[in-house]
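Okay, thanks for coming, everyone.

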Amino acid sequence: MERNMSMKKALDENNFTGLSMANPSIPDAQKVMWSDLVQGKPELEDSLSSNAKQMKVDMYTKMFKDSTDLDHPCRVAGSTYMRCLQENFKEKSSTRMMKCLPSFETFDACRKGIMQQQASALENALIKQDIADRRAKALFDRRSILLDTQS
């Protein structure tokens, strides 16, 4: 059990979010954008041109909508934040942050809630697996003892 939890902790600490992140054919830019959507903050740098900012927010929006279905609990909150970025991409980052911060906080709280649910479900599954493994080992040991006594 402890080994499984330590492996999960190591994967979490090293930003391993799924097998697709380990795929070498995915461009680094998409990996960074995915990481921003999942656990960071999708943001537009002031150093980018206006067209680049618009293109980046379009890429964030497309990636977000393609990865969430209509029933996803964070779909509305995330779409609201993406729309705020889209509407304010010409603003300086400090102004845009003030306008979009409430919608980002809602989106971030939703993401964290889902991550907490997943972590809790994983921990419960690992506990159940550990119990099942111990029972199976005990049954195997009893069977071995019975076979040894019969021979």
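Predicted model: local features only at pLDDT ≥ 70, side-chain atom pairs only at ≥ 80, totals over all residues.

Residues are numbered from 1 along each chain as its sequence is written, and side-chain values use heavy atoms, with hydrogens and water left out.

How confident is the predictor? pLDDT is its confidence in each residue, from 0 to 100. The protein averages 87, and 89% of the residues score at least 70. Confidence is lowest in helix H1, residues 2-13, with a mean of 69, and highest in H4, at 95.

So, the overall picture. We have five helices and zero strands, and reading along the sequence you get α-α-α-α-α. Of contacts between residues at least 6 apart in sequence, 59% join residues at least 24 apart. The accessible surface, from the Shrake-Rupley method with a 1.4 Å probe and, for residues, only the protein chains shown counting as cover, comes to about 10600 Å², and 58% of that belongs to carbon and sulfur atoms.

Let's look at the packing. Axes here are lines fitted to C-alpha atoms, for helices over the stretch in contact, and angles run from 0 to 180 degrees between N-to-C directions. Helix H3, residues 50-67, packs on helix H4, residues 75-87, at about 170 degrees, with the axes 10 Å apart. Angles under 35 degrees count as roughly parallel, over 145 as roughly antiparallel, 65 to 115 as roughly perpendicular, and the rest as oblique. H3 and H4 are therefore roughly antiparallel.

Which residues of H3 and H4 meet? From H3 it's Gln54, Val57, Asp58, Tyr60, Thr61, Phe64 and Lys65, and from H4 it's Arg75, Gly78, Ser79, Met82, Leu85 and Gln86. That set divides into five nonpolar, five polar and three charged. For the sorting, Ala, Val, Leu, Ile, Met, Phe, Trp, Tyr, Cys and Pro are nonpolar, Asp, Glu, Lys and Arg are charged, and the others, Gly among them, are polar.

H4 also packs on H5, again at about 170 degrees, with axes 8 Å apart. So that pair is roughly antiparallel too. On the H4 side, the residues include Tyr81 and Cys84, and they meet H5 residues including Phe104 and Phe107. The H4 and H5 contact splits into seven nonpolar, four polar and two charged.

Next, what's inside and what's outside? Buried means under 20% relative accessible area, exposed is over 50%, and partly exposed is in between, with a 1.4 Å probe and protein chains only. Buried residues make up 26% of the 151 residues. In helix H2, residues 28-38, the buried ones are Lys31, Met33, Ser35, Asp36 and Leu37. They pack against H3, H4 and helix H5, 93-150.

Last stop, a few single residues. Leaving aside neighbours within four places in sequence, Lys56 touches Met33, Glu43, Leu44, Glu45 and Leu48. Ser47 sits in the loop between H2 and H3, and at 70% relative accessibility Ser47 is exposed. Met97, in H5, is partly exposed at 37%.

Conventions
Helix = DSSP H or I, 4+ residues; strand = E, 2+ residues; numbered from the N terminus. Contact = heavy atoms within 4.5 Å. pLDDT = per-residue confidence, 0-100.
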